[in-house]
Amino acid sequence: MPGTAEVPGTCIRVMRAPWLTRFLFPVGMLAVVTLFVARMPVVPLAQVFPTLTPSPSATAVPPTSTPTPTPVPTSTPTPTPTPVPTPTLIPTPTPGPLPDFAEVPILMYHYVEDLPPHADRIRRDLTVRPEMFEAQLQYLAQAGYQTITLTDLYLHLTEGRPLPEKPVILTFDDGYRDAYTVVFPLLQKYGFVGTFFVLATPADYGSPRYLDWGMMKEMADAGMEIQGHGRDHVDLRGRSYEFLVYQILGIKEAVEYHTGRPVRFFCYPSGHYDASVIAVVRSAGYWGAVTTAYGRIHTRENLYTLQRIRIRGSDTLESFIAKVEGR
Ligand SMILES: [Zn+2]
């Protein structure tokens, strides 16, 4: 049919209307729309398209780096630092080459007292009579020997600290009561220092044959060295780790508690030790340990197997001198 057009998909039949209707209808619609738009309130674009404006995020992290201020050049000249005068009165120790070894006789004593009646062969061998002991001290003093400690020997080997010309170390094992009643006053008489390897259990139980804690404290306060020999006098070879810690660390802590001074050296009971014993001695914080093996040459490599010279009850003054002199 002419005059009829069908727009595909719209189904609007406007072409049939008379021309006035076809003219007025769009004009009217335009006027209505114009009026409607003119009466609309002006809406900010931000409200029309709210997503276009970035909104502050609640989780935004403020910047952590503060801006570096621009350095302002100062017109004041920086003052020249005044050189600090180097003190010349106190000599600075010059670290020298460490010694390869040190030759120091470490004498080993046990009892220093009159022999008890019916003493057996072992007891006689371990016991030096007080008169002989004093004759030995007299000889050392007259021959120019100076007593040092194991700490002195250690610092000489590890730091190069100097030793006296004729050093000697006096050690006394087991902490018998005569260490306080005989040895201690004689050492003080000659201005000597002694090193005493003590036990804890006899002191804890107040055994009259051994040093008590008060005696050890008095001796330590007077400059004597109180060191560790084990809580008890037992063979430490083949023992459990816990047992070794109890004996080796236990005596260290007990002596340090009662004397207020550090314990740095250990004495293997009866001279017996194995690799586990040395390992626990090291880990407990000891700097070294002495054996009963014979010798007078010490190195950094054998700090935990230091050798000594046994002084026997059968020694004459001549044999004593020969041992000290290394003849
Ligand atoms: Zn012993």
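Helices (H or I, at least four residues) and strands (E, at least two) are DSSP runs, numbered from the N terminus. The model is predicted, so local features need pLDDT of at least 70 and side-chain atom pairs count only at pLDDT 80 or more, while totals for chains, interfaces and linings use all residues. Residues are numbered from 1 along each chain as its sequence is written, and side-chain values use heavy atoms, with hydrogens and water left out.

Pro130 is a residue of helix H4. Its relative accessible area is 16%, and buried means under 20%, exposed over 50% and partly exposed in between (1.4 Å probe, protein chains only); Pro130 is therefore buried. Contact means heavy atoms within 4.5 Å. Leaving aside neighbours within four places in sequence, Pro130 is in contact with Val112, Glu113, Asp114, Val182 and Leu186. Val112 is 18 residues from Pro130 in sequence, yet the two are 5.7 Å apart in space, C-alpha to C-alpha.

After H11 comes Gly326, with a positive phi near 80 degrees.

Two strands pair if DSSP finds at least two bridges between them. E10 and E12 run parallel and are joined by two bridges, with Val290 opposite Leu306 in E12. E10 (residues 288–294) is also parallel to strand E9 (residues 265–267), and three bridges join them. Here Phe266 stands opposite Ala289 in E10. Between E9 and E10 the chain passes through helix H10 (residues 275–283), and this β-α-β crossover is right-handed: with the strands pointing away from the viewer, the path from the first strand over the helix to the second runs clockwise.

Which residues coordinate the zinc ion? They are Asp174 (OD), His229 (NE2) and His233 (NE2), at 2.0 to 2.2 Å. Donors are N, O and S atoms within 2.8 Å of the metal (3.2 Å for Na, K and Ca), and water is not among the atoms, so sites may look incomplete. The donor residues are spaced D-x54-H-x3-H in sequence. Asp174 counts as buried because its relative accessibility is 6%, whereas His233, at 35%, counts as partly exposed.
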